[in-house]
Amino acid sequence: MRTIPFVSACLLLLVACSHAQPPPAPAPAKIVAAEPPPPPAPKPVAPPPPPETAPVSVYFDYDASELCEATRAALQAFFDQAQKRPDQDIRIEGNCDERGTREYNMALGQRRADAAKKYLENLGLDGSSIDAISNGKERPRASGHDEASWRENRRDDLTPTTGKVADSSSADQASR
């Protein structure tokens, strides 16, 4: 009778050992603090466009095309602006007062425009980007017949353009 409890105990041990051991519990995962993503690269900022070149008028003495000191200073200031905008061309229109013949004033206006062009070229602007034309007495700014009006009309008008501009006398002839 001792054998029955012995056999039962062995059988019990055998049955107990025959069950597979449960797999060990997985090691707890390491919790790694997620690093924040790097900040996005700053968007490139387009440089501001260069300032526009402001039109300017310069004035001359009666029956003269020589540049006075005030005219040179105004042309220097215009040159400083124009250097920042090499994409722009320049149109110089020489004008005269109403005294004198049409032909004489056309020639005088051209001499005035050419004098301003030459001065800007000497400062360093590309001459091929400058158009110098004469309006003679055909485009007065002041309509009076006195010294103040004449003084206002003896001028060069310097205007920045975005391309070659046709000569106004050529455009007038083409439209006829």
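How many bridges join strand 1 to strand 4, and in which sense do the two strands run? In this predicted model, the count comes to 4 bridges, and the two strands run antiparallel. One of the pairs involved is serine 57, whose bridge partner in strand 4 is aspartate 157.

Stepping back to the whole chain, there are 5 helices and 4 strands, and from the N terminus on they are laid out as α-β-α-β-α-β-α-β-α. The strands make up an open sheet of 4 with the order 1-4-2-3 and mixed pairing. Strand 1 (56-59) and strand 3 (130-136) sit at the edges, each pairing on one side only. Going from one strand to the next, the twist averages 20°. As for the chain's contacts with a separation of 6 or more, 78% of them are between residues 24 or more positions apart. Of the 176 residues, 30% are buried.

Strand 4 also pairs with strand 2: residues 155-161 and residues 89-95 line up in the antiparallel sense, with 6 bridges between them. Glycine 94 has aspartate 156 of strand 4 as its bridge partner, while arginine 91 stands opposite threonine 159 in strand 4. Strand 4 is mostly covered, with 6 of its 7 residues buried.

Helix 2 (residues 69-83) packs on it and touches strand 1, strand 2 and strand 4; the direction of helix 2 makes about 160° with that of strand 1. Helix 3 (residues 102-123), for its part, lies across strand 2, strand 3 and strand 4, and runs at about 155° to strand 3.

Then there is the nonpolar interior. In soluble globular proteins, nonpolar side chains tend to be buried together. Here the largest nonpolar core has 17 residues, and those with the most contacts inside it are Leu75, Ile90, Ile92, Leu120, Leu125 and Leu158. Helix 2, strand 2, helix 3 and strand 3 each supply at least two residues of this core.

Back in strand 4, aspartate 157 deserves a look of its own. Is this residue buried or exposed? Its relative accessible area is 11%, which is under the 20% cut-off, so aspartate 157 counts as buried. Not counting residues up to four places away in sequence, aspartate 157 touches Val56, Ser57, Arg91, Ile92, Glu93, Asn95 and Arg141.

A disulfide is a covalent bond between the sulfur atoms of two cysteines. How many disulfides does a search of the whole structure find? The search returns 0.

Technical notes
Residues are numbered from 1 along each chain as its sequence is written. This is a predicted model: local features need pLDDT of at least 70, side-chain atom pairs count only at pLDDT 80 or more; totals for chains, interfaces and linings use all residues. Side-chain values use heavy atoms; hydrogens and water are left out. Two strands pair if DSSP finds at least two bridges between them. Axes are lines fitted to C-alpha atoms, for helices over the stretch in contact, and angles run from 0 to 180 degrees between N-to-C directions. Contact means heavy atoms within 4.5 Å. Buried means under 20% relative accessible area, exposed over 50%, partly exposed in between (1.4 Å probe, protein chains only). A disulfide is a pair of cysteine sulfur atoms within 2.5 Å. A nonpolar core is a set of buried Ala, Val, Leu, Ile, Met, Phe, Trp, Tyr and Cys residues joined through side-chain atoms within 4.5 Å.
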